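Hi,

Here's the structure I said I'd pass on.

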Amino acid sequence: MAAAPRLLAVALAVAVLTAAAAPAAALNTDGLALLALKFAVSDDPGGALSTWQDADADPCGWAGVTCAGNGAGGRVAGVELANASLAGYLPSELSLLSELQELSLPYNRLSGQIPVAIAALQKLTTLDLAHNLLSGQVPAGIGRLVSLARLDLSSNQLNGSLPPAIAGLPRLSGVLNLSYNHFTGGIPPEYGGIPVAVSLDLRGNDLAGEIPQVGSLVNQGPTAFDGNPRLCGFPLKVECAGGVSDEPRIPQGNAGMSDPGAAAEVGRRPQQKRRSSSSPAVPILAVIVVVAIVAGVVLQWQCRRRCAAAAGDEEKESAKEKYGGGGGAVTLAGSEDRRSGGGGEEGEVFVAVDDGFGMELEELLRASAYVVGKSRGGIVYRVVPGRGPAVAVRRLSELDDGDSDGAGGWRRRRAFEAEAAAIGRARHPNVARLRAYYYAPDEKLLIYDYLPNGSLHSALHGGPTASPTPLPWSVRLSIVQGAARGLAYLHECSPRRYVHGCIKSTKILLDEELRAHVSGFGLARLVAGAHKAAAAGGSKKLGSAACALRGAGAGAVSYVAPELRAPGGAPAAAATQKGDVFAFGVVLLEAVTGREPAEGEGGMDLEAWVRRAFKEERPLSEVVDPTLLGEVHAKKQVLAVFHVALGCTEPDPEVRPRMRAVAESLDRIG
C-alpha cells in the first residue's frame with residue numbers, strides 16, 4: 001500500500017540528481033537515501049527535518065544525523081530522531097546507508113511495515129523503532145544483521161510469530177525488546193541461546209504455550225513474560241495443562257511473580273482439571289470464579305489507591321503483582337504508621353533498612369529481573385531498575401503452617417520484621433548488606449546490593465561468573481581474610497552471639513574488586529519459619545537452624561561439624577558458632593587445594609583427606625591446588641593457612657578457636 005509514496009520518493013531523489021547545478025553540490029548516496037526518508041514523512045509538526053535540504057553538498061550537518069569522517073566525504077553513521085511526532089513510513093532506500101551504525105526513531109507515528117531491505121545494513125549496531133505504529137511481521141533478515149547489539153521494536157502493532165533468527169544475532173548484548181505488540185504462537189526454543197546479559201522483554205503480547213526450559217530462558221525472571229495470559233511454566237506460576245515442568249517450581253505457599261491473574265490461575269487449575277471430563281458446569285463455574293477474582297482485584301486496587309503515594313496507575317499495580325503482592329496496602333519506609341497494614345491482609349510492609357536506599361517498591365517490581373541462583377532457601381534475582389545500580393532480591397521459600405490469618409499471622413509478621421531488623425543492623429565491609437525488605441502474608445523479599453563477581457565457589461570451581469584464569473594466591477588469601485573478618489564480626493557484634501549456620505564457599509560473594517562479603521546471614525530463621533520462634537517467645541538464636549545445609553547433598557554436608565551430624569550424616573542439631581568455625585575451615589581447605597568439599601581421595605571428605613595427608617607427611621605438591629605451584633613465594637603462607645584450617649576443623653569443638661582468633665591468625669599471614 002506504500003508503493004505510490006515509495007515511487008514518489010525515488011522520483012524526487014532522481015530529480016535532485018538531474019537538477020543539481022554543479023557536480024560538487026550534488027548530494028551523495030547517503031544524502032539521497034535520507035531525502036527519501038524525508039519525503040516518506042507525511043507530517044513533521046516540529047520541523048525536525050527542516051534542515052534536510054537537497055541543495056546541501058552532504059547530509060552531515062542535518063539535524064539528527066551523525067557522520068563518520070570529515071567534510072563531503074563523510075558517511076552517515078547515525079540517524080537519531082526520537083520523540084519528533086513524525087508520521088509516515090520507512091522507505092526501503094534506507095538500505096543505501098551502508099555505513100549506518102545507529103537508526104533510532106522511537107516515539108514517533110511511523111506506520112506500515114519494516115522494510116525487508118533493512119537487512120542490508122550490515123554495520124548496524126542499534127535499531128530502535130519503539131513506540132510507533134509499525135505493523136506486519138518482523139523481517140527475518142534482521143537476523144542477518146551480524147553487528148546488531150541492541151534491538152527495540154516495543155510498543156508497535158507488529159504481529160505474527162517471534163522470528164527465531166533474531167535469537168542467533170552474534171553480537172546481541174544490550175536489549176532485545178519485543179514487548180507490547182501482537183506476536184502470537186510460542187516462544188521459540190532458539191531464544192534460550194540469547195546471552196543472559198541481554199535484557200529480554202516479551203511482555204504484553206499474545207504468546208501462548210510453555211516457556212521453553214532451555215539456556216538463558218531458565219535464568220529470566222517473570223518480568224520478561226508478563227502480560228501473555230496464555231503462557232505457562234517457570235518462572236511464571238502458571239502450570240501448563242497436561243504435565244509439570246522439570247524445572248524447580250516456586251513453592252506453592254508463595255504468590256507467583258507473574259501477571260496479576262497468575263496466582264489465581266494456579267489456585268483454581270486443579271479443580272478445573274478434575275471436573276473437565278465429567279461436569280458441564282465448568283464454563284459457568286469458570287465465569288463465576290473470574291468475576292469474583294476481578295471484583296476482588298478492583299476492591300484491592302481501590303484500597304491501595306487510597307493508601308499508596310503513587311496510586312491510580314494500573315501499570316504500577318500490575319508490577320506489584322509480579323512479586324506476589326496481592327493483599328493489603330503497601331506503605332513505604334520512613335513512616336511510623338507503615339506497620340499498621342493499611343487494613344489489608346495483616347498488612348504489607350516495605351522497609352528501607354538503609355537510609356541511603358532510595359528505590360521504591362513500585363520501581364523495584366517494575367524492573368527487569370534475572371534468576372542468578374536457586375536453593376532451598378529461595379530464588380535470587382538480579383534486578384535492574386530504570387535508574388541506579390542493580391540489586392539482588394532474594395525471594396524466600398517458607399514453611400506454611402496453615403495459619404495465615406489472625407494472631408498467628410500477626411506474630412509471624414512481627415517475628416519476620418524483628419529478624420530482618422537484626423540482619424539490617426549487621427554493618428561490616430565484609431558482610432553482605434541488607435538494604436530493604438518486603439513482607440506480605442504470602443511473599444517475603446530481601447534486597448541487597450548486587451555483587452557482580454559471583455561467589456568464591458564459582459571462582460574456585462567454575463561457574464557463570466568465573467574468571468577464565470585461576471585465582472592467584474594473593475587474591476585467595478585476601479578473600480578468606482575478609483570473609484573471616486566478616487564472620488568474626490557476626491559472632492561478636494551483638495550480645496545475642498549470632499550464628500550464621502550456613503557457611504559455604506557459595507555464601508562468600510565477591511564484589512567488583514574481589515572483596516569478600518559473607519552472605520546468607522539470618523536466612524535460617526526466616527526460611528525455616530520465624531513464626532515458630534515467635535510463638536516460642538523468640539528464644540532461639542538468629543541463624544540457629546541449619547539453613548540450606550539441612551537435607552542437602554554430600555558436598556554441603558561436608559561443611560557440617562561432626563557434633564552436629566546425625567548418624568546418616570545430615571545436620572541433626574542446632575547450629576553453633578563452633579559449627580561455623582568448622583565450616584569456615586572447610587572453606588579454607590577449598591581455597592588452598594582447589595577441590596570441592598567432598599572431593600577428598602578414597603571417598604573421604606576434603607577435611608579428612610587433608611588431615612591424613614599431613615599426618616603421612618606427604619609432599620605439599622600433592623595437596624595444594626596445582627595452579628598455585630608456580631607461586632613459590634607463597635609456600636609458607638599456604639602452609640600457614642593449612643594449619644589454621646586444620647585447627648578450625650578439629651573434631652572436638654572445644655579445641656577449635658573462636659572466629660576472632662581465626663581472623664587474627666589469617667591477618668598475620670603475609
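Predicted model: local features only at pLDDT ≥ 70, side-chain atom pairs only at ≥ 80, totals over all residues.

**Around helix H14**

Back in the helix itself, H14 covers residues 606–615, and its buried residues are Leu606, Glu607, Trp609, Val610 and Ala613. Looking down the axis of H14, these buried residues fall within an arc of 165°, so they line one face of the helix. What do the buried residues of H14 pack against? Two helices: H13 (577–593) and H15 (635–648).

Further along, Leu620 sits in the loop between H14 and H15. If you skip its neighbours within four places in sequence, Leu620 has contacts with Lys635, Leu639 and Phe642. For Leu620 and Lys635, the C-alpha to C-alpha distance is 8.8 Å, with the two 15 residues apart in sequence.

**Strands S19 and S20**

The other bit I looked at is a hairpin formed by S19 and S20, with six residues between the strands. S19 (residues 378–384) has six of its seven residues buried, so the strand is largely enclosed by the rest of the structure. Its partner S20 (residues 391–396) runs antiparallel to S19, and six bridges join the two. If you want a spot to start from, Gly378 is opposite Leu396 of S20.

Cheers

Note on methods
Residues numbered from 1 in each chain as written. Heavy atoms only, no water. Buried < 20%, exposed > 50% of the residue type's maximum accessible area, 1.4 Å probe, protein only. Helix = DSSP H or I, 4+ residues; strand = E, 2+ residues; numbered from the N terminus. Arc of directions from axis to C-beta. Contact = heavy atoms within 4.5 Å. Pairing = 2+ DSSP bridges.
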